[in-house]
Amino acid sequence: NEYNLNASKYFSIEKEIKINAITYMKNNNYKIKVNKSSVENNLLYEKNITIQSFALLCDMFNLNIRIINTNHYYEFLNNDSQDFTNIIYDNKYGIDLLKHNNDNINDNINNKFLVTNYSKPINSITYYKVDDIYEICNKLKINIKNSKNKNKTKKELYDEIYKILNS
């Protein structure tokens with residue numbers, strides 16, 4: 001019975017935070033372009049939040065968050081501090097939350113691709129020069145050679161990058 005009371009209390013707190021986030025988004029000039037009705041719908045009616053809703057909450061609470069994936073990462077910068085809460089995301093094992101900057105993490109992200117726009121993780125193919133594509137492939141650990149040991153085309157490499165970043 002005590003468990004049900006606590007669960008109800010957490011649900012109420014969660015709903016209150018989500019409603020406050022919607023109010024915050026409407027009353028402030030929210031700096032990230034999002035579909036506001038989609039974020040509002042997500043926060044009010046869906047069990048899991050989207051990355052856009054998460055970004056709004058980070059902004060509302062003025063948090064610097066770094067989500068680190070296998071070979072790329074996102075940064076939500078909401079204050080001038082260099083302190084990040086690092087979320088290590090692994091498709092196989094879930095997440096791990098680290099509340100401090102760790103030299104291993106800072107060294108590790110240098111070998112990963114920074115996604116600057118989570119809604120559109122990669123620009124169009126024409127935006128990149130071949131050397132840019134090679135650099136991204138290196139960070140994402142994509143082999144630039146085909147089975148005949150010749151360099152893959154820019155289009156082939158771009159398609160592999162796109163597939164990784166959008167999965």
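Modeller: Welcome! Before we start, the expected span of a helix is 1.5 Å times one less than its number of residues. Keep in mind that this is a predicted model.

Biologist: Thanks! How far apart are the end C-alpha atoms of H6, and what span should its residues give?

Modeller: H6 has 12 residues, and at 1.5 Å a residue they should span 16 Å. The model agrees with that expectation, because the end C-alpha atoms of H6 are apart by 16 Å.

Biologist: Where do the buried residues of H6 fall, seen down its axis?

Modeller: The buried residues of H6 are Leu157, Tyr158, Ile161 and Leu165. Seen down the helix axis, they fall within an arc of 100°, so they line one face of the helix.

Biologist: And what covers the buried residues of H6?

Modeller: Both strands and a helix take part in the cover. It includes S2, S5 and H5.

Biologist: Which residues have the most contacts inside the largest nonpolar core?

Modeller: That core has 21 residues. Helix H5 (130-140) and helix H6 (154-165) are among the elements that give two or more residues to it. Those with the most contacts inside the core are Phe76, Ile133, Leu140, Ile161 and Leu165.

Biologist: Which residues does Leu140 touch, not counting those up to four places away in sequence?

Modeller: Leu140 is one of the residues with the most contacts inside the largest core. Leaving out its sequence neighbours up to four places away, Leu140 touches Asn71, His72, Phe113, Ile161, Ile164 and Leu165.

Definitions and conventions. Residues numbered from 1 in each chain as written. Predicted model: local features only at pLDDT ≥ 70, side-chain atom pairs only at ≥ 80, totals over all residues. Heavy atoms only, no water. Core = buried A, V, L, I, M, F, W, Y, C linked by side-chain atoms within 4.5 Å. Buried < 20%, exposed > 50% of the residue type's maximum accessible area, 1.4 Å probe, protein only. Helix = DSSP H or I, 4+ residues; strand = E, 2+ residues; numbered from the N terminus. Contact = heavy atoms within 4.5 Å. Arc of directions from axis to C-beta.
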